[in-house]
Amino acid sequence: MPDMDLSCTVNGRPVARRVAAHARLLDLLRDDLNLTGTKEGCGAGECGTCSVFVDGKLVKSCLMPAGRAEGAVIETVEGLAGRGPLTPVQKAFHKTGASQCGYCIPGMVMAATACLRQNPEADLDEIKERMGGNICRCTGYTKILEAVEIARDVIAGRADASVLDADETLGESYIGHNVRRIDAPAKVTGRLRYAADMKLVDMLQMQVLRSPHPHARIVRIDTAEAEAMPGVECVITADDVPGKDGFGVFVHDQPVMARGKVRHVGEAVAAVAAEDLVTARRAVAAIKVEYELLPGLYDPEDALKPGAPVIHDYAPDNVVKHIPLRKGDIAAGFAAADVILEHEFGTQQVEHAYLEPEAGIAFVDHDDVVTVHSPSQNITHHRHMLAEILGLPINKVRMVMSPVGGGFGGKEDMIYQGMLAIAAMKTMRPVQLNFTREESLVASAKRHPSRVAYKMGLTSDGRITAVKFEMLSDGGAYGMSSEGVMRKAAILSCGPYEIENLQVDTRAVYTNNTPSGAFRTFGGMQAQFATESMMDMAAERLGLDPFEIRRINMYRAGSLTHTQHRLDRASLDQVLDAAEAASRWETGVPSVRGALRGDLGGPDTRRPCTLGARLAGGPATAAATEAAE
Amino acid sequence: MNAITETRAETRRKRGRGMAASWYGIARTATIDRAGAWAELDDGGTVKIVTGVTEIGEGILTVLAQVAAEETGTRPEDVTIGDNDTARSPEAAHAGATRQTYMIGNAVALASRQAREVLFEKIAEYWEVAAGELRAFDGEIWAEGSNLRMSVADAVAICKARGTVPVGSASFTANGTGLDPADGKGSPWQTYVFGTQVAEVEVDTWTGEVQVLGLWAAHDVGRAINPRGVEGQIEGGVVQGLGQALMEEYVTVDGHAATHGFAKYILPTALDVPQITCVIVEDEDPTSPLRAKGIGEPALVPTAPAIINAIYDAIGVRITTLPATPEKILAALRVQQP
């Protein structure tokens, strides 16, 4: 299809552009007009980061062909305040601390603005429902909703506009004072530029060829056709790595691009840098790879069986790391127990789902310094590894941490910066790579799925006498942070309780699944989910209140931890008291007493929501629906 | 509503509560952690802070601005933070491990303190008082027990006119030790935090759907530098924990992702969020010049078990494999009530 001539109005200014037939409204705004406040989070209308107004209606610009904007009046986040003061919605977001990483925030501001334009009197339930199409991964939505309610009250005239600027009075210190986030104005206006929003003169676009197989030997890669295509500046494979290939947070077992074999679906095999994205994609499609399929491992228990396929030659038993803790004598501890509980627990593989997909730019500067801008959570370590990979002195590699649109541990792995740097060195031009959401999902690490076999012995008065804790985690195809995650899982395993006799083993193994790595809590969550479930089961068995059984066993000053570290202080008693008081907890044995509790439904709980209540006619109808059941 | 429908509604939706406690270590694990920072009291009473790591959303830039302002006697808006560049700033290692406030916050506090001490020494000479008499806050500097007072802007100009640029630098260290390979013995962190959460849920026994209606989260964070920022971290952690407890699951089939987009990978939205009550407990840490610890990761540790314990309280079903999807709850209820 030929390009189209398009005229529309954007943020009050007439715009005339020629756009490609495949261009989305999002591409027109970001690529042609440099209105990068509108973000691409998923490209599928699922996350809301690309929300704009088209003829006054809130639209996800990734779903709208640019050609359909002919004659339309478009408003983006940059147009809300223009060059004037922030709007009430933007000011309220600033006031409440509603922005964290900020990547979802332009879309959130647009959705909130749409909500209040539609109904300036919207109640909290309606606000939630109208904003339900916008995902935020950082804030837990609470401060966002608080902001929208404040803005509503100002817009509806129920509150004076001065509340938007009012802050608590400064006392004698800035420590402990709720200073407004200094980065918020840039985030609520869309002015902050993340790596995918940056443009450099003469910049190439990179695309990556990824493995379609979970485990296969690479027989041959033929890049000739791709390299011959007009507009293609370079095609790179493992053969183009100039130094010592391999990266990882603990063990450097992952090549920049697959070397000899692929170990998971989505692993980078080759990359293209071309004049534009379309050319780069076409070139990637023209690369031919011959694979010889290998038997795959998809279950961590299979990985430990004799004769299992070996994923990495250096680890013939497929074990990435085993961390043992031994304290006291568990046989004696279990012998002293009045009650022994044994249960198994499992946690799933979890995606970080930061709204900003991986993105970066690399270039070689005038002093031959290879420079990479990316939302890396660990520029120091990445600099070390990249210097080795490129065969350069450390001071010829420069890593710049661009604003991070959510990380949660998922941006600690150097999964694409190596490809960018090599392409920049080969072409001596800036190169940019922006992942799609699908690429981000298959190529980046996840939270380790784990299984825990738990045995706990207790005396009849609730004292834990011994624990045997065995965790097996699926590390996936590469080591990434598995070693550290297993270490932290072991250290924290049995919870904040003093246990004289314990035997803890945590293991991560290689499989051909999507790799697991660092994710907020680094194994602590998986381990303590099991422990805290066990504590409640033990409380029920022994007729104790859940708080009580924890107080009986809790760490105090002077306690010896699972790694036999003597604690100088421990604040568990304080947080137990605080949570018990704040929640108005009714003491009792946890034996399915929900129906009998008197502490439910207090003013600090929300009403259950009934989807579609507003569309069916508002809260009154919702109540009626409830009553009719 | 007649008596029969009322009974049916009661049978259908059941509520319960659960709790869970947790602990966590601050900064990098079982190793020596370190972070560096530079500080300069600059013209106009402004402050330059340079350190090698930046914001990932947790609010560290604001915390560092507060810390630098407090230590130099200026205001947060006077502080400019140069960050994030391995070629232009001192090493501060990585953005993770609940280490930003503790490691980088303390490095910035110490560097800023050093720059202020340089300024105080020169102004004490100028005023002919002891440096120990000087105080500075919110853009003003004064000598205790006197009427000597000027702006920090003027003080910096005087300091420079007397030949000295007020600069400071510092490195902060957390001394963890490695674990013994045989029995795991070791002191992995020098400071720990603790948390407890209570969840209140409603389970729809017809659909298996769980709604979390209330969540109370009490966390020790040491001294809270920015309480609102701490709340933001707790609320975000709780909702990630809720996602993992109830809906999120990255599924692969023979290594191929079956949840390859947000249409298949289900995340919590504004409609899923409970009313969250944060209780900040400040057990001030003597190993930390700021007396602060951290909150990033620990906020989500107790959420999933608190929710799962609450589901048990409501319907007597013990979910041992996450997530507690409607399908899993219905299957468990069928086993319970054949």
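Which hand does the crossing of H5(B) and H6(B) have? Right-handed. Keep in mind that this is a predicted model.

## The H5–H6 pair in chain B

Let's start with chain B, where helix H5 covers residues 227–246 and helix H6 covers residues 303–315. Their axes come within 8 Å and cross at roughly 50°. An angle of 65 to 115 degrees would be roughly perpendicular and one under 35 degrees roughly parallel, so H5(B) and H6(B) end up oblique to each other.

Who touches whom? On the H5(B) side, the contact residues are B:Gly237, B:Val238, B:Gly241, B:Leu242, B:Gln244, B:Ala245 and B:Leu246. They meet B:Thr303, B:Ala304, B:Ile307 and B:Ile308 in H6(B). Sorted by class, this contact of H5(B) with H6(B) has seven nonpolar and four polar residues, with no charged ones.

## The H3–H4 pair in chain A

Over in chain A, the helices to look at are H3 (residues 88–96) and H4 (residues 105–118). Here the axes come within 9 Å and cross at roughly 125°. That angle makes H3(A) oblique to H4(A). As for handedness, the crossing of H3(A) and H4(A) is right-handed.

H3(A) brings A:Val89, A:Gln90 and A:Phe93 to the contact. Facing them from H4(A) are A:Ile105, A:Val109, A:Ala112, A:Thr113 and A:Leu116. The tally for the contact of H3(A) with H4(A) is six nonpolar residues, two polar and no charged.

Methods. Residues numbered from 1 in each chain as written. Chains lettered and ligands numbered in written order. Predicted model: local features only at pLDDT ≥ 70, side-chain atom pairs only at ≥ 80, totals over all residues. Axes fitted to C-alpha atoms, helices over the stretch in contact; angles between N-to-C directions. Helix = DSSP H or I, 4+ residues; strand = E, 2+ residues; numbered from the N terminus. Parallel < 35°, antiparallel > 145°, perpendicular 65-115°, else oblique. Left-handed = near helix turned anticlockwise from the far one by under 90°. Contact = placed C-beta atoms within 7 Å. Nonpolar A, V, L, I, M, F, W, Y, C, P; charged D, E, K, R; others polar.
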